[in-house]
Amino acid sequence: MKQSKKLAVVMASVMALGLVALAGCAVQGDTSDQAPAAKNAAQPDNNAPDGQVVSTAMVAYANGDEVMFVDQETQTPYIPTNLDAATIIYDGQDIDEDDLIAGNIVQVTGNGIMLESYPGQYPGITKVEVVEQGNPADAEQYADIVDTVFAAPDQSQVPVGNLEYKTTDAQVAVMLNPVAYEWEWVQQDGTTDEAEVSAEAFNADGTLAETVADARITGAADAFAAFSVNPTAIEIERRPLATTDAPAVDPTGQDENVACTLGEDGAAAFSMEPGFLYELKATFPQGEAEYAFYTVS
């Protein structure tokens, strides 16, 4: 099953970040489309594993790896952000997230932990079973929400990012805001406009900007960086932190390139360790933007 980490949410307030020269990501190969979902309703499996929460939702929107569910008990919309890691079943057969269609009624099994954003993000899903095919017309009641969440992005707005990783206790998401960028876009009247901001994630003495986000990990951890608009390339570099009371870059440390894989959905997969400032440079059709976060144990 292909990776799917595309960010498709209306972001709340985010943290500021920054960057320098970096290492490029390898590009992941394409994945072929799956067959459409089966047409006969399946019987749900009600034997959820211990500690797992089972709920019922409608697929309000489905377009490739962009999917939104609406809980049928609370009428709360949310984004199932880790469907690539979940088992998806219809009529007793494994299917892909691409097979889901608007109007499907699904039984969702997961850890029940919803990340704070609007709509909420639910990365802890382990299983999705289509229990009723439904009809796309059934999902039209959520059209206003879908239009808001999946509206075409404003070309003048620099994308925001989302860092996602797992700890022993939870799935964690950290929002990233660009600190530096060069941006160019075409307005409705056909004229071109430009914007540029230059800043750094750390000062000359190595101290980090107060708005740089932190990721707390005890050891090496797999991570994903996704953005509200798909980048065409991402480069990552890390700098060691100094052993001080306040987080700061070690002035004697060497910059290191970080290997990463850029998925077809625009998310970068990489490994991170505690004790570093990570800097990301993302290239978009409208220009480049720089992001950063630091890791502590």
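1. A residue is called buried when its relative accessible area is under 20%, exposed when over 50%, and partly exposed in between (1.4 Å probe, protein chains only). By this criterion, 48% of the 297 residues in the chain are buried.

2. The model is predicted: local features need pLDDT of at least 70, side-chain atom pairs count only at pLDDT 80 or more, and totals for chains, interfaces and linings use all residues. Residues are numbered from 1 along each chain as its sequence is written, and side-chain values use heavy atoms, with hydrogens and water left out.

3. The chain holds one helix and 23 strands, taken as DSSP runs numbered from the N terminus (helices H or I, at least four residues; strands E, at least two).

4. Strand β5 (residues 66-71) has six of its six residues buried, so it is largely enclosed by the rest of the structure. Both faces are covered: E66, M68 and V70 lie on one side, and V67, F69 and D71 on the other.

5. β4 (residues 53-63) runs antiparallel to β5, joined by six bridges, with A62 opposite V67. In their hairpin, two residues separate the strands and G64 takes a positive phi near 65 degrees.

6. β5 also pairs with β6 (residues 77-79) in the antiparallel sense over two bridges, and F69 stands opposite Y78. This hairpin has five residues between the strands; Q75 in the turn has a positive phi of about 60 degrees.

Terms used. Two strands pair if DSSP finds at least two bridges between them.
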